[in-house]
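Dear colleague,

Please find below the structure that I am handing over to you, together with its sequence. My notes on what was found in it follow directly after.

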Amino acid sequence: MIRARGLTKTFQRKKETVEAVKSIDVDVHEGELVAFLGPNGAGKSTTLRMLTSLLEPSSGTAEVAGWDVTADPAQVRARIGYIGQGNGGGYSYRVLDEVHNQGRFYGLPAEEYRRRTSDLLEALELTGLEKRTVQSLSGGQRRRLDVAMGLMNHPPLLFLDEPTTGLDPHSRANLWEHIGAMRQRYGMTIVLTTHYLDEADTMAERVVVIDHGTIIADAPPSVLKREYADDVITLTLASGGRAEEITALLAGAGGEVRTEPGPGAALVAVITTAHGSDRLPAAIEALRLAGHTVTSADLRRASLDDVFLNLTGRSLREEAA
Ligand SMILES: Nc1ncnc2c1ncn2[C@@H]1O[C@H](COP(=O)(O)OP(=O)(O)OP(=O)(O)O)[C@@H](O)[C@H]1O
Ligand SMILES: [Mg+2]
């Protein structure tokens, strides 16, 4: 569906040169849902804008939905949907007119765009809002309207730039449900950007981590977490254990072990390991057999934030805040 090689965008701002995207190679296969994850200014939107033919690359090539973005932008646009960061809708227009206009934009006959409009409004739970103006909609409703408009031409490939930013958790979950349903219904390939680590983790089949205009990792979330981050087990032991003895008992099964003083006479052992859920019961058992009492156990699974932190030395969570 997408094949980009050496895709680069350099902006000239007064005397300053901004290398927004630096020679990106990326492939997206039919049916995939791929999330671009990265901090502000990483180059996500710029990449999407080049892939959608809205922005001419400074160098490099991209073939999207079978056509070259530079040589055949019109062919590309006919086969994709694009929902930009922020809202595209004219605020004082009525919802129905907005969606109809989108159909006219794609040159659909009136009968066809009317039918598609009522389908989409229903699928995205916007029925009943046809006569409202766009500016009177809530943030979540407006984002769903954006999605409806992006789907008007039944694109086999859909680009969504931060579809859920600014929405409350309920609206985010709701929009994801709709995106999933639309994907099934139209068999779409989806490329989206997000700042939300949990979203990328649970929704995307593949995560492309982008930082300073470069792809620094590209794999399914589970693989990224396995390769670049560890689970952390924290065990609190009742009094009596010597740090060296506990470390020796736990070190056998792999992973890194350190100890620190806990509350009162307790001792806290921290195990860093790729296999937290296997290691946890084994560690407790090893301690029990040696006569120690574990009073509490905590397992923190590796997250995509850990992945980003380990790759860049910075936390995406902190940057987003
Ligand atoms: N038209 C432009 N002129 C000059 N610089 C630009 C332009 N568009 C983007 N940039 C710069 O390119 C870099 C990448 O911007 P981009 O919008 O692609 O980031 P992003 O990853 O989408 O960030 P965000 O998460 O904030 O949306 C930034 O430094 C930005 O300031
Ligand atoms: Mg952006």
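This is a predicted model: local features need pLDDT of at least 70, side-chain atom pairs count only at pLDDT 80 or more; totals for chains, interfaces and linings use all residues.

The antiparallel pairing of β12 with β13 (residues 267–273) extends over 6 bridges. Within β13, Val268 is the residue that stands opposite Glu260.

**Strand β7 and its two partners**

Is strand β7 enclosed or open to the outside? Of the 5 residues of β7 (residues 157–161), 5 are buried, so the strand is largely enclosed by the rest of the structure. Leu157, Phe159 and Asp161 point one way from β7, while Leu158 and Leu160 point the other way.

β7 pairs in the parallel sense with β6 (residues 80–83) over 4 bridges, and Ile80 has Leu157 of β7 as its bridge partner. β7 also pairs in the parallel sense with β8 (residues 189–194), here over 5 bridges. In that pairing, Leu158 stands opposite Ile190 of β8.

The loop between β7 and α6 (169–186) contains Glu162. Although Glu162 is not a glycine, its phi is positive, at about 50°. Glu162 has 20 other C-beta atoms within 10 Å and is therefore buried.

A second residue with a positive phi is Ser53, where the value is near 75° and the residue is again other than glycine. Ser53 is placed in the loop between α1 (44–51) and β4 (59–64). Ser53 counts as buried because it has 23 C-beta neighbours inside 10 Å.

In soluble globular proteins, nonpolar side chains tend to be buried together. Here the largest nonpolar core has 67 residues, and those with the most contacts inside it are Leu51, Ala148, Phe159, Val207 and Val208. Strand β2 (residues 16–28) gives the largest share of this core, 5 residues. Another core, of 10 residues, lies apart from it and includes Leu250, Val257, Leu267 and Ala269.

Which residues does Val207 contact, leaving aside its neighbours within four places in sequence? They are Ala35, Leu37, Ala200, Ala219, Pro221, Leu224 and Leu304.

**Helices α8 and α11**

Helix α8 (residues 221–228) packs against helix α11 (residues 304–312) at an angle of about 50°, and their axes are 9 Å apart. The two helices are therefore oblique to each other, and α8 passes α11 in a left-handed crossing. From α8, the residues Pro221, Leu224, Lys225 and Tyr228 meet Leu304, Val307, Asn310 and Leu311 of α11. Pro221, Leu224 and Leu304 in this contact are also among the residues that Val207 touches.

With kind regards

Notes: Residues are numbered from 1 along each chain as its sequence is written. Chains are lettered from A and ligands numbered from 1 in the order in which they are written. Two strands pair if DSSP finds at least two bridges between them. A nonpolar core is a set of buried Ala, Val, Leu, Ile, Met, Phe, Trp, Tyr and Cys residues joined through C-beta atoms within 7 Å. A residue is buried if 20 or more other C-beta atoms lie within 10 Å of its own, exposed if 12 or fewer, and partly exposed in between; C-beta atoms are placed from the backbone. Two residues are in contact if their C-beta atoms, placed from the backbone, lie within 7 Å. Axes are lines fitted to C-alpha atoms, for helices over the stretch in contact, and angles run from 0 to 180 degrees between N-to-C directions. Angles under 35 degrees count as roughly parallel, over 145 as roughly antiparallel, 65 to 115 as roughly perpendicular and the rest as oblique. A crossing is left-handed if the near helix is turned anticlockwise from the far one by less than a right angle, and right-handed if clockwise.
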